[in-house]
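User: I'm new to this one and would like a close look at a single part. Could you walk me through it?

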Amino acid sequence: LLLGCVRAQQPPDPCQTLCRCPEAAETVKCGDWNLTAVPADLPPFIRTLFITGSRLARLPAGAFPARRLPLLSTLNLSHNHLRTVEAGALASLPALRRLDLSDNPLVSISPLAFGEGISPLEELVLRGSLRDQGGFLSLAALLQSGTLRNLSRLELADNGLLLLPAGIFASLPALRQLDLSNNSLVGLRNVSFQGLGQLQSLDLSGNSLGVLRNATLAQFRSLPALRRIALGHNTWVCDCAVEDLVAWLKESDQVEGKEALTCAYPEKMLGKALLKIDSSDLDCSVPVDLPSQLQTSYVFLGIVLALIGAIFLLVLYLNRKGIKKWMHNIRDACRDHMEGYHYRYEINADPRLTNLSSNSDV
C-alpha cells in the first residue's frame, strides 16, 4: 500500500504519456496536441528531441532544465504555435548544434535567447517562421549580436522577405550555407556579404530580383569559398542595367543552372536566355539614367523661362514711348482726382464756405 501511494504521488513519466523515448535511438518525439510546455523530467540520455504539432506558444527562460540535457544536440520545434522565444530559453543546452523553428508564427526572438556567451549552435532553420515583421527584426538583432558566431547554416526560406537589413550577416564569420529562397527580395543593394569568407552556398532562387548591381557582383567575386549560387525563378529585367549581370554570368562558374535564366521584362525580351543577350538586343547607345533625365528637364525648363523673360523685356522696350505716355496719363488722372478730393476737403473744413454752399441764392 505504501509503495502504491508513493507511485501515485510521483509525476507521470513523459515518456509514457506524451513522448516516445526509445533509449537505443537516443531520440525523443513529443507530438501531443495538448502540450503547452516542454515536458519536465526528460531522460538525460537523449541527443535528439522533437516537439512538433503541439500548442507550445512560448519558450520562457529555463524552458529546458539546467544541466538535465547535457547531450542534446538536435532540437526540432517546428509546426507548433510558437510566438515568443524569451531570454535564456535555450541557454542551458551546452551541446545544442541544430535548431529547427520552422512553420511557427514567431513574433519575437530575444537576442539573449542563447544566453550572454557565444552559443555552440551551428544550424538554424527558420523556414516559414518570419512572416511577422517584428519576428524578422528581432532575428536580425540576434544575428548581429555576435552570439551565433559558430553558425554554419542559416535557412530563411519561405518568409516573404522584401528587403534585408544592412549588416544582418556581419557577425556570422563561420557561415557556409545561406538559404534565402522563395521570398520576395527585390534587391540586394544594401546587403553586405563581406566577412563571409567561408560561405560556400547561397540560394536566392524564387525571389523578385530584377538585376544584380556591380557592387553585389564584386562581393560575389571576392568570396573565396563561394562555389554555388542559385538564381533561378527571378523576374530579371533585361534593359541596359542588366549588362553587368550578363557579363558576370558568362565569365562565372559559381551560378547553378545559369543556362535556364531568362528575361521576364520587357515584353519583347520575355523568355530570352540571359546568356544569349548582347548589346544590340538592349539598345543601350544612350544610357538610361533617371537622375540625368531629371537634370536635363530642369535645364530645359530654365531655358524656356529665360526665353519668355527676354521676349517680355523686348516687348517693353519696343513699346517704351506708348508705355511712358500711358504712365503720364495715369499720373495726370490721379493728380486731378486728388485735387478734387483736396478742394472738397477745404470746403468742408471752412464754416464760411459751408454756409455759402448751403445758401440756395448764392
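Which residue forms a salt bridge with Glu123, and how far apart are the closest N and O atoms?

Analyst: Glu123 pairs with Arg153, and their closest N and O atoms are 3.4 Å apart. The two sit in distant parts of the chain, 30 residues apart: Arg153 is in strand S10 (residues 153–155) and Glu123 in strand S9 (residues 123–125). Strands here are DSSP runs of E, at least two residues long, numbered from the N terminus. A salt bridge means a side-chain nitrogen of Lys or Arg within 4 Å of a carboxyl oxygen of Asp or Glu.

A quick word on the model: it is predicted, so local features need pLDDT of at least 70 and side-chain atom pairs count only at pLDDT 80 or more, while totals for chains, interfaces and linings use all residues. Residues are numbered from 1 along each chain as its sequence is written, and side-chain values use heavy atoms, leaving out hydrogens and water.

Back to our pair: is it buried or exposed? Arg153 counts as partly exposed because its relative accessibility is 25%, and Glu123 is partly exposed too, at 24%. That label covers what lies between buried (under 20% relative accessible area) and exposed (over 50%), using a 1.4 Å probe and protein chains only.

Notes:
Helices (H or I, at least four residues) and strands (E, at least two) are DSSP runs, numbered from the N terminus.
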